[in-house]
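Please look at the structure first.

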Amino acid sequence: MAIMKIICKQNYSKFTLLFFLFILISSCQTEMGEQEESSLIQSSNLIKYVNPFIGTQNMGHTFPGAIVPFGMVQLSPETNIQSMFINGNYNPETYKYCSGYQYSDSTIFGFSHTHFSGTGHSDLGDFLVMPTTGKLDLEPGEAGIKGSGFYSEFSHDNEFAKPGYYSVKLDDYNIKAELTATERVGFHQYTFPKTDSAHIILDLVYNIYNYEDKNVWTFIRVENDSLVTGYRQTNGWARTRTVYFAMQFSKPFTNYGHKKYDSVIYNGFYRRFDETRDFPEMAGKNIRAYFDFQTEENEKIQIKFALSSVSTAGALKNLKTEIPHWDFEEIKKQGEKKWNKELSKISVETSTLAQKEIFYTALYHTMLSPVIYEDVDGSYRGLDQNIHESKGFTNYSIFSLWDTFRALHPLFNLIQPQRNTDMIQSMLAHYDQSVHKMLPVWSHYSNENWCMIGYHSVSVIADAIAKGNTNFDTEHALEACINSSNLKYYDGLDEYISLGFVPADKQSSSVSKTLEFAYDDWCISQIAKKTGNEKMAETYLLRSKNYLNHFDLVMQFMRPKYSNGEWVKKFDPMNTHGQGFIEGNAWTYSLFVPHQPESLIELMGEKDNFEQHLDSLFTMKLDDKYIEKNEDITRDGIIGNYVHGNEPGHHIPYLYNWTNSPWKTQERVRMIMESMYGNSVDGLCGNDDAGQMSAWYIFSALGFYPVCPGSDRYAIGSPIIESAKIKMENGNELQIKTINQSSENVFVQKVTINNIELNRNYFLHEELANGGEIVFYMTDKPLGK
């Protein structure tokens, strides 16, 4: 009003008066808009329910560091250094550090920028940064031997993490370390004491799953007194992996140098220089560099550290685009906003705070990978090691498909459909660049690592098509699926095609391969059917029945056989070692026919026999001798002989829906949610496996699960939430309500969709995607018992 009084006192023209009124109204609207946005963010502040430390102890293999949703940078601490091999033998301790972090540790060796979440094998750990003070020490040291290197002790009392932010006090140096990130840039902030001997160490020797010759080459350029660029090429799980970086300091360093850990046979005419100190080029297989500073008390040194798969120029462009300033708090707030936006796709109310923390941490873990794998201009390094440009999609990497086809990608089809189509287009780009003409099996960072079995990209594609998520070339996708399923030198496909099964005398894990190929072939038949290729649909439907060739009607198990058709005689259905199965046994894998459960039930002698078989699985004892050689199966994730801590059996609790006692699905699912998931550091019963374990929980907590990705059906379970709202990308909203749900009332009495009672034990995808209201009426009495 003060502005209006001033205006009225002056003899302004009507035009000027109208102009001032326009500015005033616009200003008010902007302020109101900002207040509304702030209020909205505050009302949906879901990050407070996320605990990044869940799963960081024992088998979860998660990390607590800073990352934004699907970000290329995962900036997180390394709490120990373990070599992959000792005296030429595999070091089992390295398995604990797949993500670089174990909560039981009290040491930090630095903070690196790339990590897998929840995997059972590993790589990455690029560009470890460690702040120190005092006498310069470039040896990392050995945990537990104080003063043996540059590592520092820390206390969990001085450690904090939330989505997009991590902080810890490094006790040995009295330095507070804070980390945040954007998609492609890690942002470090270190608060130093007063000293004339502050150092920032850049360790290019360190790798996760490191071994002596893992580094192929490393290179550093000191561009000026505050900018450093470079790259590293490694030969690990990804055998040709190159990552470029740009490292910008907030203040000039006074000196710098490096130590080379190579046996240099030939150094050319570089021998005329003292390269170890204040020489602006550093090159070798293994290098640790340092940068010296003088600091005042509580002075902050900040570092912006950008990554690129393309070039140092690409890394610099990413740095300047995503963080053009030095406002750490602003980047931290942006990260919080990004996380709240993604987490708010599902709003839940739960009976306890612990349940809400488990739910939102699980949802958080589903959004750590796959990761964006391109520069801000869309350029990326392809599988052929050439530079490509994504056109019409965002390129992604880290496809742990043996795990994630089961529930993670189906979850994306529900709440992240556009992102999932980008992932599929990334898979198709991989296929186009593949000399094998093969879709991804397990791929990361411009490399196929060939881990695990099957060709489960086809499942991801089929599931998207079945659910109407087809913003990609489906004809091209069918071609890629057909070619991938006929690569004869891959995992026994030659024999599978000619014999109808993978023989045990030709391939390890032969039964698992046949079963997973058969399911994938069913997926291809569905894709062919949807694209109008009836001939291919029939061909692959026939191939999808190849599981029949492994079923022993006498023993009632899937069983390995030789090329001549004879059964392998020494066969123990309980054993996970050398019996033709991968990360499972015959009890588990005999139930992997997700595309034709009715046929499987018929093989086992109708519904009652099948139900008894399932009952036995959950109640029998699995002796340690059957799992002692398997890193990925531990007692923590086992109920009877059912292994929830690993993926092959994740659909099994829902198979009771095909028997006369679907209430047992409800009972088992609720038991698993309450016993296998928690809100503490050991809250995961096995590897989170790039989000699959968490995706299982999200679906199950909501009351349904995709037993057969590639179909449009979700089997009904037992919701643990009080209510939920799912915001679809199409603008629709699905509300899920439970009546009388409690820890005792785990059985479903009835379900209604938009006030109409459901007369089946599954939902259709369109019923969810169309929005509306689903109500579960719960009771403590099993229906039909």
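This is a predicted model: local features need pLDDT of at least 70, side-chain atom pairs count only at pLDDT 80 or more; totals for chains, interfaces and linings use all residues.

## A three-stranded sheet

Strands β25, β26 and β27 form an open sheet, in that order. The pairing is antiparallel. β25 (399-400) and β27 (447-448) are the edge strands, each pairing on one side only.

β26 covers residues 442-444 and pairs with β25 over 2 bridges. In this pairing, S400 sits opposite W442 of β26.

## A salt bridge across the sequence

The whole structure holds 34 salt bridges. One of them links R241 and D123, with an N to O distance of 3.9 Å. R241 belongs to strand β15 (residues 241-249), while D123 lies in the loop between β5 (110-112) and β6 (128-133), so the bridge ties together parts 118 residues apart in sequence. Both R241 and D123 are buried.

## Two further pairs

K345 and E342 also form a salt bridge, their closest N and O atoms 3.9 Å apart. K345 counts as buried because its relative accessibility is 14%, under the 20% cut-off. E342 is buried too, at 7%.

E674 pairs with R670, with closest N and O atoms 4.0 Å apart. The two residues lie 4 apart in helix α17 (residues 663-676), so about one helical turn separates E674 from R670.

Salt bridges with shared partners join D123, D126, K214, R232 and R241 into one network.

Conventions:
Residues are numbered from 1 along each chain as its sequence is written. Side-chain values use heavy atoms; hydrogens and water are left out. Two strands pair if DSSP finds at least two bridges between them. A salt bridge is a side-chain nitrogen of Lys or Arg within 4 Å of a carboxyl oxygen of Asp or Glu. Buried means under 20% relative accessible area, exposed over 50%, partly exposed in between (1.4 Å probe, protein chains only).
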